[in-house]
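Please read the points below beside the model, with attention to its aromatic side chains and the charged groups around them.

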Amino acid sequence: TFQYFTFSLYEVDVNGERITNTIDTGTLTVNSNVSSNSSVTFPAISYSLDDLNGETTKEFYYILEESATVENGVNREDIGYSYSREKYKYTVTVENTGTSGIFTVTDKIEKLNEEEEVYESYQGMPTFTNNYEAIGSVTINGTKELTGKELTDEKFTFVLTENSVGGQGYETTTTNNTDGSF
């Protein structure tokens, strides 16, 4: 089974308000053959003199976050995957040095501190952390049949023991009912 994680990159103003539609989305496909640490890459963003609006230097702001998308009509959180709420703000400074027709482009990354609702300086590759949690249960029933004598309540005891690799040694016991069920 493939699981998809989608990330959105979009432009915002200096206050963090979205000013463009999503520039691009990246999808990370994860299956049992993929490392638990994988990456997604977006295409390069190009700048021209028109983007600088006649100025020598201009800053552009972008937000990178995981999209809380629905996959095939099923919410990812409903199938055990958490949604990563990390959010990163890129400040990209584009400078026209006037030489060789090449801009100097630098970027600064900040990570959203959700508690204080502010962005703080961040070093390194943005990281999105998801957790997978699965739970399940099973009910095991049976019937005891006795021939030659009347079956009485709690006459037989049955033991259910976990027998799995790395198991926790779970064990439980039960007894039969008068009709033989347990």
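1. A residue counts as buried under 20% relative accessible area, as exposed over 50%, and as partly exposed in between. Phe-182 has a relative accessible area of 26%, so this residue is partly exposed; Phe-158, with a relative accessible area of 22%, is partly exposed as well.

2. This is a predicted model, and the mean pLDDT of the protein is 81, with 79% of its residues reaching 70 or more. Confidence is highest in strand β6 (residues 87-96), at a mean of 94, and lowest in strand β4 (residues 70-71), where the mean is 58.

3. The structure holds 5 aromatic pairs. In one of them, the ring centres of Tyr-47 and Phe-60 are 4.9 Å apart and the planes stand at 40°, so the pair is tilted. Tyr-47 belongs to the loop between β2 (18-30) and α1 (49-52), whereas Phe-60 is in strand β3 (residues 57-66), and the pair thus links distant parts of the chain, 13 residues apart. Both Tyr-47 and Phe-60 are buried.

4. Phe-158 and Phe-182 make a stacked aromatic pair, at 3.9 Å centre to centre and with 5° between the planes. Because Phe-158 lies in strand β9 (residues 157-161) and Phe-182 in the segment after β10 (171-175), the pair ties together parts that are 24 residues apart in sequence.

5. One aromatic cluster is formed by Phe-7, Tyr-88, Tyr-122 and Phe-128.

6. As for charges over rings, the charged end of Arg-18 sits over the ring of Tyr-10, 3.7 Å from its centre, and the charged end of Lys-89 sits over the ring of Tyr-119, 5.7 Å from its centre.

Terms used
Residues are numbered from 1 along each chain as its sequence is written. This is a predicted model: local features need pLDDT of at least 70, side-chain atom pairs count only at pLDDT 80 or more; totals for chains, interfaces and linings use all residues. Side-chain values use heavy atoms; hydrogens and water are left out. pLDDT is the predictor's confidence in each residue, from 0 to 100. Helices (H or I, at least four residues) and strands (E, at least two) are DSSP runs, numbered from the N terminus. Rings of Phe, Tyr and Trp (its six-membered ring) pair if their centres lie within 6.5 Å; planes under 30 degrees apart count as stacked, over 60 as edge-to-face and the rest as tilted. Buried means under 20% relative accessible area, exposed over 50%, partly exposed in between (1.4 Å probe, protein chains only). A charge sits over a ring if NZ of Lys or CZ of Arg is within 6 Å of the ring centre and within 35 degrees of the ring normal.
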